[in-house]
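Welcome, and thanks for taking a look at this chain with me. Below is a short tour that goes from the overall layout to the strands and then to the helices.

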Amino acid sequence: MQNHIITEHLNKGKSTYFIDVKKTVNDVLYLMITESKKTACGFEKNKIMVLEEHIDDLISSLNEVNQKLKTVNKSTENKSYSFNKPRINYTNISTNWTKEEDSALVLLYRKGKTIAELAMLFNRNEEELTSRINELK
């Protein structure tokens, strides 16, 4: 017979996660993580059992993976293929630059405007602006 020592739950989307600390009849403690999802046929459950002596190692590994995931997310947040950043349609893309635009671009760039700010001002993408700035240097 198993005894529940601690029970927590977390509702996320279509899943509910149950985090239980249980004790066997031999007084051995273990962690049981259960994911429960509602499906057309009822509930689907997935379980992970972790012995008490392995819990610290599991938490340490989860923290490492979480930190790496945050690093990956930060490194892709400025990429054009990032799912976190909405796609912007620039109307001036691939049109010829006027002398006035070139002068304004150089002036604003020297004043410290970022490429992203300049992209919004000139209605052109960041790659095109970077290329044009390099041509004008």
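Of the 137 residues in the chain, 20% count as buried. Please keep in mind as you read that this is a predicted model. The accessible surface of the chain amounts to about 11000 Å², and carbon and sulfur atoms contribute 54% of that area.

Among the contacts with a separation of 6 or more, 27% are made by residues 24 or more positions apart.

**The strands**

Let us start with the strand part. Strand β2 covers residues 15-23 and is joined to β3 by nine bridges, the two running antiparallel. Strand β3, residues 29-39, also pairs with β4, residues 42-51, again in the antiparallel sense and over 10 bridges. Both pairings are hairpins, but what lies between the strands in each? The hairpin of β3 and β4 has two residues between its strands.

K22 lies in strand β2. Is K22 buried or exposed? With a relative accessibility of 9%, K22 counts as buried, because the cut-off for that label is under 20%. The C-alpha atoms of K22 and E52 are 9.7 Å apart in space, while the two residues are 30 apart in sequence.

**Helix α2 and its surroundings**

Now to the helices. Helix α2 spans residues 99-110, 12 residues in total. From its first C-alpha to its last it reaches 17 Å, close to the 16 Å expected at 1.5 Å a residue. Which residues of α2 are buried? They are E101, D102 and L105. Seen down the axis of α2, these buried residues fall within an arc of 100 degrees, so they line one face of the helix.

The face of α2 turned away from the buried side carries the exposed residues K99, E100, S103 and R110. On the buried side, the packing partners are α3 (115-122) and α4 (126-136). After α2 comes G112, which has a positive phi near 105 degrees.

D102 gives a close-up of this packing. This residue sits in helix α2 and counts as buried at 14% relative accessibility. Leaving out residues up to four places away in sequence, D102 touches W97, R132 and L136.

**An aromatic pair**

W97 leads us to the last stop. The count of aromatic pairs comes to one. The ring centres of W97 and F122 are 5.7 Å apart and the ring planes are at 50 degrees, so the pair is tilted. This pair links distant parts of the chain, with W97 in the loop between α1 (55-76) and α2 and F122 in helix α3, 25 residues apart. Both W97 and F122 are buried, and the relative accessible area of F122 is 9%.

| Residue pair | Separation in sequence | C-alpha to C-alpha distance |
|---|---|---|
| K22 and E52 | 30 residues | 9.7 Å |
| F122 and L105 | 17 residues | 8.3 Å |

To recap the helical part, L105 is one of the buried residues of α2, and F122 belongs to helix α3, one of the two helices against which the buried residues of α2 pack.

Terms used. Residues numbered from 1 in each chain as written. Predicted model: local features only at pLDDT ≥ 70, side-chain atom pairs only at ≥ 80, totals over all residues. Heavy atoms only, no water. Buried < 20%, exposed > 50% of the residue type's maximum accessible area, 1.4 Å probe, protein only. Contact = heavy atoms within 4.5 Å. Areas by Shrake-Rupley, 256 points an atom, 1.4 Å probe, with all protein chains shown as cover. Helix = DSSP H or I, 4+ residues; strand = E, 2+ residues; numbered from the N terminus. Expected span 1.5 Å × (residues − 1). Arc of directions from axis to C-beta. Pairing = 2+ DSSP bridges. Phe/Tyr/Trp six-rings, centres within 6.5 Å; stacked < 30°, edge-to-face > 60°.
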